[in-house]
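Have a look at the model first, then read on.

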Amino acid sequence: MTGTTAGRTDTATHRLPAWRAPAATRSNAVPAGAWWLWALGLATAASRTTNPLLLGLLVGVAGYVVAARRTDALWARSYGMFIRIGLFVIAVRLLFSVFLGSPIPGTHTLFTLPEVPLPDWAKGVRIGGRVTAEQLLFALYDGAKLAALLICVGAANSLANPARLLKSLPGALYEAGVAVVVAMTFAPNMVADVLRLRTARRLRGRPTGGVRAVLQIGLPVLEGALERSVAVAASMDARGYGRTARVPAAVRHTTNVLTLGGLLGVCAGTYGLLAAEGAGYGVPLLVAGLLAAMAGLRLGGARSMRTRYRPDRWGVRAWLIAGSGAAVAAALIWAGTADPAALHPGVVPLTAPVLPLWPAAAVLLGLLPAVVAPVPPSPTGFQEQV
């Protein structure tokens, strides 16, 4: 009777609706590249607007997905630090605007600082002087855009295992990818060391806040994070990462020409898409550059001798996650050409920003990973392997 009941329960578990997100396992884990494409799509959307309401909505979308789908790994706790960095960027941008002035004209004077006299060759630059509400609002919008970019990148760092991202790189970029992965592990390791040292100080009855505590924690944190990153590099080198095979000289030269030419074409095509007068040649150059770069990477992959053990599989859920970020970016790019005033609220004269409805609805597409991505395990359950 017990076996029958267990069998029925097991069968009912397997008959759950297909649209419901399953529990995360090693076999159905979302590839790191999908998370990065999703986050880069949100970051691209943030770069197309200075509307604080849309930027706040983008940050909220990223934060909700991180809260719903991040694991309990140490590197997944770096999102809070990126939020603090974003707030620091906004504060620095406001301070620069107050003390160094701004080209934005304004009539609503808030206060006046003593102005430092400068020589004639420094015309157009001032230190101190009149501070207006218009220039502070412009600085706030500009700093919020950069902060939203950083927070979206922080979301990718919290959701995607940086070591697994190495599996998704083409063979031609594998050597550079090892260096990038080692560099990317520095920030998560630093966050983990900060948490560990603060917990140790709290257990010993020592203060964890203030300038003195920061100075006492700072050096061990930097040293520990650097040592762990160097240990990752040493382990990769010991396992043969980055070793290449010999290829004919003609193949090497063709690879270099295709890759370099393709990247230049991508840069020129992207500039054409961003510039108003380059829309005619932007798309052809971008397509040609992508094709040349892909051909170069394909040829360059012949130098790599590595094999893939249990490679990440791009299923429907991974494509939906990456596509949701791309959809948000495409919608905001199109909105910037159709209604630029809604995405860039004016500061002269002072006006309250308005939330555009359909761009805001497009931003909500970024919540799709919180529905389709596998549910992370509990702290006592499955732990993701590198």
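Predicted model: local features only at pLDDT ≥ 70, side-chain atom pairs only at ≥ 80, totals over all residues.

Helix 4 covers residues 79-100, 22 residues in total, and runs 31 Å from its first C-alpha to its last, close to the 32 Å expected at 1.5 Å a residue. Its buried residues are Tyr-79, Phe-82, Gly-86, Val-89, Ile-90, Ser-97 and Val-98. In an α-helix there are 3.6 residues a turn, so residues three or four places apart point the same way. The buried residues of helix 4 pack against helix 3, strand 1 (109-116), strand 2 (127-132) and helix 5 (133-159). Just after helix 4 comes Gly-101, with a positive phi of about 80°.

Now for helix 2 (residues 32-47). Its end C-alpha atoms sit 22 Å apart, which agrees with the 22 Å its 16 residues should span at 1.5 Å a residue. Helix 2 is mostly covered, with twelve of its 16 residues buried; among them are Trp-35, Trp-36 and Trp-38.

Where does Asn-51 sit? You'll find Asn-51 in the loop between helix 2 and helix 3 (52-69). Beyond its neighbours within four places in sequence, Asn-51 is in contact with Ala-342, Leu-343, Pro-345, Pro-353, Val-354 and Pro-356.

| Residue | Relative accessibility | Class |
|---|---|---|
| Asn-51 | 0% | buried |
| Cys-152 | 1% | buried |
| Cys-267 | 54% | exposed |

Cys-267 counts as exposed because its 54% is over the 50% cut-off. As for disulfides, a search of the whole structure finds zero.

Conventions: Residues numbered from 1 in each chain as written. Heavy atoms only, no water. Helix = DSSP H or I, 4+ residues; strand = E, 2+ residues; numbered from the N terminus. Expected span 1.5 Å × (residues − 1). Buried < 20%, exposed > 50% of the residue type's maximum accessible area, 1.4 Å probe, protein only. Disulfide = S-S within 2.5 Å. Contact = heavy atoms within 4.5 Å.
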